[in-house]
Each structure stands twice: as structure tokens, then as C-alpha cells.
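Please look over the structure shown here. What does its fold look like, and where do its charges sit?

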Amino acid sequence: RILTRLVPSQTHVTEYQPVLILQCSPDLIADPAMRKSSSHEPRMLLESLEEGVVRWNEDLMIDGEEKWHDVGAVIGEILEEEDEEEEDLEEWTWQAYLDEKDE
């Protein structure tokens with residue numbers, strides 16, 4: 001589920017810029033021995049690997065909402081500055097890390 005958008009929609013982002021904090025289900029960490037508890041829901045920090053303008057899927061973007069989203073749900077897009085048309089969209093590349101502030 002989405003905890004915090006670190007940048008608003010229509011904001012220019014650079015490579016490796018943190019853009020989103022998610023809370024994940026306990027099974028994100030496959031090895032139960034590595035989990036803080038059986039019910040721990042780790043937080044992840046997502047960074048963009050693309051430069052461009054972020055456009056969030058507003059249907060999914062209510063910070064702190066209790067709704068969990070399916071794996072593969074499109075949460076947003078990164079558009080190159082000159083990409084005006086939807087058919088020009090490319091897949092958004094990102095990386096995620098366990099959030100150091102996770103409790």
C-alpha cells in the first residue's frame with residue numbers, strides 16, 4: 001500500500017531520486033527467520049531509474065490509505081519531457097530498498 005508520495009504528480013525527477021514509500025505484505029521477505037515478526041509489514045523506498053516527469057495513477061494515490069494494491073498495479077509513469085502522447089509511454093524502471101526508518 002502507498003504510504004507517502006515524495007514528489008507530486010507532474011514533477012520532474014532525476015535518476016535515483018526517491019519518489020515513493022510503500023508498505024509491503026509480510027511475505028516480501030521470503031525467509032521467515034529474516035523477518036522482524038510474522039506480521040511485520042516492511043516499508044520500501046522506491047527510486048526512479050529514469051529522468052522525466054512523474055505522473056501518478058491518481059486512482060491509486062491516496063497517501064496512507066488502507067487499500068492494498070495487487071502486484072503489477074500501475075502506480076505511475078515517468079514521461080520524457082517531449083512525450084506528450086500516451087502511445088509514446090515506455091515502461092517505468094525503478095528500484096526499491098527496505099526503508100531504513102522501518103519500525
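This report covers the model, its strands, its salt bridges and a charged patch.

## The model

This is a predicted model: local features need pLDDT of at least 70, side-chain atom pairs count only at pLDDT 80 or more, and totals for chains, interfaces and linings use all residues. Residues are numbered from 1 along each chain as its sequence is written, and side-chain values use heavy atoms, with hydrogens and water left out.

## Fold and surface

The protein chain has 0 helices and 7 strands. Its pattern along the sequence is β-β-β-β-β-β-β. Helices (H or I, at least four residues) and strands (E, at least two) are DSSP runs, numbered from the N terminus.

Of the 103 residues in the protein chain, 33% are buried. Buried means under 20% relative accessible area, exposed means over 50%, and partly exposed lies in between (1.4 Å probe, protein chains only). The chain exposes about 6800 Å². Carbon and sulfur atoms supply 48% of that area. Areas come from the Shrake-Rupley method with a 1.4 Å probe; for residues, only the protein chains shown count as cover.

Contacts are heavy atoms within 4.5 Å. Among contacts with a separation of 6 or more, 67% join residues 24 or more positions apart.

## Salt bridges

The whole structure holds 2 salt bridges. A salt bridge is a side-chain nitrogen of Lys or Arg within 4 Å of a carboxyl oxygen of Asp or Glu.

Glu 58 pairs with Arg 5, at 3.5 Å from N to O. This pair links distant parts of the chain, 53 residues apart. Glu 58 lies in the loop between β5 (52-56) and β6 (76-79), while Arg 5 is in strand β1 (residues 2-5). Glu 58 is partly exposed, at 45% relative accessible area. Arg 5 is also partly exposed, at 25%.

Glu 77 bridges to Arg 55, with the closest N and O atoms 2.6 Å apart. Here strand β6 supplies Glu 77 and strand β5 supplies Arg 55, 22 residues apart. Glu 77 is partly exposed, at 21% relative accessibility. Arg 55 is partly exposed, at 23%.

## A negative patch

Which residues form the negative surface patch? They are Glu 15, Glu 50, Glu 51 and Glu 80. Patch residues have over 30% relative accessible area and no salt bridge; like charges are joined within 9 Å, and nonpolar side chains (Val, Leu, Ile, Met, Phe, Trp, Tyr) within 5 Å.

Glu 15 sits in the loop between β2 (11-13) and β3 (18-23). Glu 15 counts as partly exposed because its relative accessibility is 46%.

Terms used. Lys and Arg count as positive and Asp and Glu as negative; His and the chain ends are not counted. The place of a charge is taken as NZ of Lys, CZ of Arg, CG of Asp or CD of Glu.
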